[in-house]
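Let's take a walk through a protein model together. Keep the picture open beside you and look for each residue as it comes up.

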Amino acid sequence: MAIEIRVHSAKAGGRWIKQGLDIFAKQPFTFMFMYLLIAVLGLVGLVVPLLKIPAALATPFLMAGFYQSALARQQGKNVAFADIIDVFSQKGRRMGLFRVGLYQMGAGILLGLLASVLFADMAAVVSDPNMNPEQALQLLAQSLSFPSLALFLVITSIYLCAFAFAIPLVFFGAHTSMWAVMKASLMAFYHNAAAMTVYGLIMGVLMLLCAVLSFIPLLVLMPICYISLLVAFQAIFAPQLGEQDAPAAQHVNAISDTTDNGRFDA
């Protein structure tokens, strides 16, 4: 099944954030508590190794529930905190979300293995309990390889872009091929590089400010980030899910597995 990608101008990145803020402002505490649940689940996976796999597999379901609630709020419906777990009882999309969790977990493991190879010297310095802080900092600076860091950042960016729209594509778009979904997500960033760059710069600056001040503002910023990403998904992949007065795209690229008539394969 073809996946159409709509291309937007750079200013769309700021517009998506503004629309995400407007939706968040209608029920801020509900979305804050939903994000807190997702964050706590991620922390549980880090603290309790036995729960790492269940937490990784459950996260796409909670994210889908968050997106579904944001869409309902955008359409003027009231949402409750419990709505985030409704996805677990919905038939027809659960296997797709389960596959997203598996692929994302597998890609994360490969990314971790790559980091352990590229930064093995730095890891050895950090894990040495007998080294004084000044010597450790000196050795860390000496062992830092900028080509390795650049390679890791590039691969991490590809990983993030490949899964950025994976959950809404599977949940709302009912796409079943994970390779097609990940490729479509990557191509969405490629064709909308200007808009996504504006989006990323604004969010990056705001997150940096949150880190400098305190991490408490992230309870507000991260739900807005998630909602604005859903708005971006609507604009790029599924305008029928959005509002009727949403700005039109400049043009459309149809992504298919089979056609070769000037389209991009996904």
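This is a predicted model: local features need pLDDT of at least 70, side-chain atom pairs count only at pLDDT 80 or more; totals for chains, interfaces and linings use all residues.

Now find S69, which sits in helix α3, residues 52–74. A polar atom of its side chain lies 2.9 Å from the backbone oxygen of G65. Is S69 buried or exposed? S69 is buried, because its relative accessible area is 3% and buried means under 20%. If you skip residues up to four places away in sequence, S69 touches F31, M34, V79, D83 and I84.

Next, hop over to S185 in helix α9, which covers residues 178–191. S185 counts as buried too, since its relative accessibility is 0%. Which backbone oxygen does the side chain of S185 reach? The one of C161, at 2.5 Å. S185 and C161 are 24 residues apart along the chain, yet their C-alpha atoms are separated by 6.3 Å. Leaving out neighbours within four places in sequence, S185 is also in contact with A162, F163, A164, F165, A166, L169 and F237, besides C161.

In soluble globular proteins, nonpolar side chains tend to be buried together. In this model, the largest nonpolar core has 68 residues. Which members touch the most others? They are W16, F31, F66, F165 and F237. Helix α11, residues 218–236, gives the most to this core, with 14 residues.

Setting aside neighbours within four places in sequence, the contacts of F31 include I23, F24, F66, A70 and R73. V79, P223 and I227 are in contact with F31 as well.

I202, V205, L206, L208, L209, V212 and L213 make a nonpolar surface patch of about 660 Å². Take L209 as your example: its place is in helix α10, residues 193–213. L209 is partly exposed because its relative accessible area, 46%, falls between the cut-offs of 20% and 50%.

Most residues other than glycine have a negative phi. What is the phi of A174 near? It is near 60°, a positive value in a residue other than glycine. You'll find A174 in the loop between α8 (166–171) and α9. With a relative accessible area of 32%, A174 is partly exposed.

## Two salt bridges

How many salt bridges does the structure hold? Two. One of them joins the side chains of R6 and E4, at 3.1 Å from N to O. R6 is buried, with a relative accessible area of 18%, whereas E4 is partly exposed at 35%.

D22 and K18 also form a salt bridge, and their closest N and O atoms are 2.9 Å apart. Both residues lie in helix α1, residues 11–26, four residues apart, or about one turn of the helix. D22 is partly exposed, with a relative accessible area of 35%, and K18 is partly exposed too, at 47%.

Conventions:
Residues are numbered from 1 along each chain as its sequence is written. Side-chain values use heavy atoms; hydrogens and water are left out. A nonpolar core is a set of buried Ala, Val, Leu, Ile, Met, Phe, Trp, Tyr and Cys residues joined through side-chain atoms within 4.5 Å. Buried means under 20% relative accessible area, exposed over 50%, partly exposed in between (1.4 Å probe, protein chains only). Helices (H or I, at least four residues) and strands (E, at least two) are DSSP runs, numbered from the N terminus. Contact means heavy atoms within 4.5 Å. A polar contact is a pair of N or O atoms within 3.5 Å; within protein, one must be able to donate a hydrogen and the other to accept it, and residues adjacent in sequence count only if both atoms are side-chain atoms. Patches are made of residues with over 30% relative accessible area and no salt bridge: like charges are joined within 9 Å, nonpolar side chains (Val, Leu, Ile, Met, Phe, Trp, Tyr) within 5 Å. Accessible areas come from the Shrake-Rupley method with a 1.4 Å probe; for residues, only the protein chains shown count as cover. A salt bridge is a side-chain nitrogen of Lys or Arg within 4 Å of a carboxyl oxygen of Asp or Glu.
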